[in-house]
Amino acid sequence: MKKTASALVLAGALTFFGAGAANAVNAPYPAPPVPGGVSNGSPVAGVEFTFSGTGFLPGTTITITITFNGPTPQAAGAAGAGRVGTSVGGPIILSQALPPVTTTADANGNFAYPVTLTEAGTYTLTATGLDPQGNTRTVSSTVTVAAAEGSEAGAEEGGLANTGADSAMLLWGAAGVVALGAGVASVVVARRKNA
């Protein structure tokens with residue numbers, strides 16, 4: 001009987017701790033601080049936000065690259081002068097970098113660059129320049145651009161917040177259930193052998 005209880009407790013613990021760990025791995029909410037920052041981590045497509053960073057050599061040129069991480073957006077026009085936008089004529093391959101732009105660090109070694117992204121999806125913004133010691137300094141931040149209200153993607157998503165439940169958590173939960181079932185089956189087999 002002690003072996004049965006131990007097996008059930010172990011399998012149950014695997015089920016619940018595995019699902020909790022899978023949820024914790026996805027992303028803490030809110031996101032932890034990063035060396036670069038954005039004024040809005042979840043902007044709406046077409047709405048301007050600011051990408052900023054610190055620790056650069058004053059007056060140095062900073063190159064900003066924006067990488068599209070997915071999902072595949074539909075065609076859209078580029079943003080206005082001095083702004084970054086996507087201009088896509090066909091499907092985008094995952095992790096496609098948009099043309100880089102440059103800005104200059106201020107007298108304190110900081111930069112703030114206005115960005116407007118016109119397509120929904122996840123983007124990584126990376127700024128590279130020199131630090132005061134002459135070494136390469138890189139800061140980055142990730143944003144998830146929401147579809148503009150009234151767009152096809154916005155209608156599909158319904159504008160609801162992500163509460164953290166996703167496929168990884170479900171897979172870990174399923175693995176825990178399988179482990180629980182295997183534990184019960186091994187106990188049943190062991191009891192039949194002893195009987």
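Colleague: Which residues does Thr-103 touch, not counting residues up to four places away in sequence?

Modeller: Thr-103 touches Thr-60, Thr-61, Ile-62, Ile-64, Phe-111 and Tyr-113, where contact means heavy atoms within 4.5 Å. Before going on: this is a predicted model, in which local features need pLDDT of at least 70 and side-chain atom pairs count only at pLDDT 80 or more, while totals for chains, interfaces and linings use all residues. Residues are numbered from 1 along each chain as its sequence is written, and side-chain values use heavy atoms, with hydrogens and water left out.

Colleague: Where is Thr-103, and is Thr-103 buried or exposed?

Modeller: Thr-103 lies in strand β5, residues 101–104. Thr-103 counts as buried because its relative accessibility is 16%; buried means under 20% relative accessible area, exposed over 50%, and partly exposed in between, with a 1.4 Å probe and protein chains only.

Colleague: How many helices and strands does the protein chain have?

Modeller: Three helices and eight strands. Helices (H or I, at least four residues) and strands (E, at least two) are DSSP runs, numbered from the N terminus. Along the sequence the pattern is α-β-β-β-β-β-β-β-β-α-α.

Colleague: Which residues have the most contacts inside the largest nonpolar core?

Modeller: Ile-64, Phe-111, Leu-117 and Tyr-123, in a core of 21 residues. β2 (49–53), β3 (61–70), β6 (111–115), β7 (121–130) and β8 each supply at least two of the core residues. The largest share, four residues, comes from β3. A nonpolar core here is a set of buried Ala, Val, Leu, Ile, Met, Phe, Trp, Tyr and Cys residues joined through side-chain atoms within 4.5 Å.

Colleague: Back to single residues. How far apart are Ser-141 and Gly-37 in sequence and in space?

Modeller: They are 104 residues apart in sequence and 5.8 Å apart in space, C-alpha to C-alpha. Ser-141 is in strand β8, residues 136–145, and is buried, with a relative accessible area of 7%.

Colleague: What share of contacts in the protein chain between residues at least 6 apart in sequence join residues at least 24 apart?

Modeller: 75% of them.

Colleague: Where is Leu-180?

Modeller: In helix α3, residues 167–194. Leu-180 counts as partly exposed, because its relative accessibility is 30%.
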